[in-house]
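Subject: Handover of a structure and the findings in it

Dear colleague,

Please find the structure below, together with its sequence.

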Amino acid sequence: MPYTDAFKSQMVKRMLGPPAMTATELSKQVGVTQPTLSMWLREARRVAAAMPDEKPVPAAPKKWTAQQKLRVVAAAHGLEDEALGALLRREGLHEGELRAWRDAAAGALEPGAEAAASGPLTAGQRRRLAASEKRVKELERELHRKEKALAEAGALLFLEKKLQAMGWDEGRRGGEDDAPDEPSEK
């Protein structure tokens, strides 16, 4: 019976990989004869030996966000020895990295840390900051003025609807005389 290359590869992996199985054990499980499985294993080893030694390219280090770092630092707080080791293995970290993250978090929480990190402003930065602050104040004034105008327009609309509901007609708003019409003389 012909077997696919994928099936052969899967059987070889089961004989080599954890947990490794003998060809006899695997033969009983899958129903393929032990000599056939042994032959596939020998062929796989022969092919692997003929291949040049290629060192696997290490994976790029994980890019941690500030939130992820803070989560790990908080989770590690108060852990010792085995529990800390288990956390570090699970997260794929070294103790030195965790220590650096702790120090950075503690340094960021010290008073004056933000001002010390940014340093004094240059003349250009001060001018841009002053111009930005001035623009913000102008925009706030304009917003306040427009909010007042909007409130006034809303109040006028409300009054107009109330008057219409009371039966006030459009003709009376124009300043016309409220006296009844007199018959005209002809």
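Does Lys146 count as buried, exposed or partly exposed? At 46% relative accessibility, Lys146 counts as partly exposed. Here, buried means under 20% relative accessible area, exposed means over 50%, and partly exposed lies in between, with a 1.4 Å probe and protein chains only.

Before the details, a note on the basis of these values. The model is predicted, so local features need pLDDT of at least 70 and side-chain atom pairs count only at pLDDT 80 or more, while totals for chains, interfaces and linings use all residues. Residues are numbered from 1 along each chain as its sequence is written, and side-chain values use heavy atoms, with hydrogens and water left out.

Overall architecture

The chain has 8 helices and 0 strands. Helices (H or I, at least four residues) and strands (E, at least two) are DSSP runs, numbered from the N terminus. Of the 186 residues of the chain, 13% count as buried.

UniProt, in an unreviewed entry, lists residues 122–156 as "coiled-coil region". UniProt positions are given in the numbering used here, feature names are shortened, and annotations may be inferred rather than shown by experiment. In the model, this span is 97% helix and 0% strand, and its end C-alpha atoms lie 51 Å apart.

Side chains of opposite charge can pair when their charged atoms come close. The structure holds 4 salt bridges, a salt bridge being a side-chain nitrogen of Lys or Arg within 4 Å of a carboxyl oxygen of Asp or Glu. One of them joins the side chains of Lys146 and Glu142, at 3.0 Å from N to O. These two residues are 4 residues apart in helix H8, and about one helical turn separates them. Glu142 is partly exposed, with a relative accessible area of 32%.

Another salt bridge links Glu138 with Arg135, whose closest N and O atoms are 3.7 Å apart. Both residues lie in helix H8 (residues 123–165), 3 residues apart, which is about one turn of the helix. Glu138 is partly exposed at 31% relative accessible area, and Arg135 is partly exposed at 44%.

Which parts does the pair of Arg71 and Glu91 tie together? The side chains of Arg71 and Glu91 meet in a salt bridge of 3.2 Å, N to O. Arg71 lies in helix H4 and Glu91 in helix H5 (residues 81–91), so the pair ties together parts that are 20 residues apart in sequence. Arg71 is partly exposed, with a relative accessible area of 44%, whereas Glu91 is buried at 17%.

The largest pocket

A pocket is found on a 1 Å grid over the protein atoms alone: it is an open set of points where a 1.4 Å probe fits, with protein on both sides within 12 Å along at least five of seven lines, and lining residues have an atom within 4 Å of a point. The largest pocket has a volume of about 210 Å³, a volume being the space filled by probe spheres set on the points. Its lining consists of Ala66, Gln67, Lys69, Leu70, Val73, Trp101, Ala104, Ala105 and Leu109. Helix H4 (66–76) and helix H6 (95–109) are the elements that give two or more residues to this lining. Helix H4 gives the most, with 5 residues.

Yours sincerely
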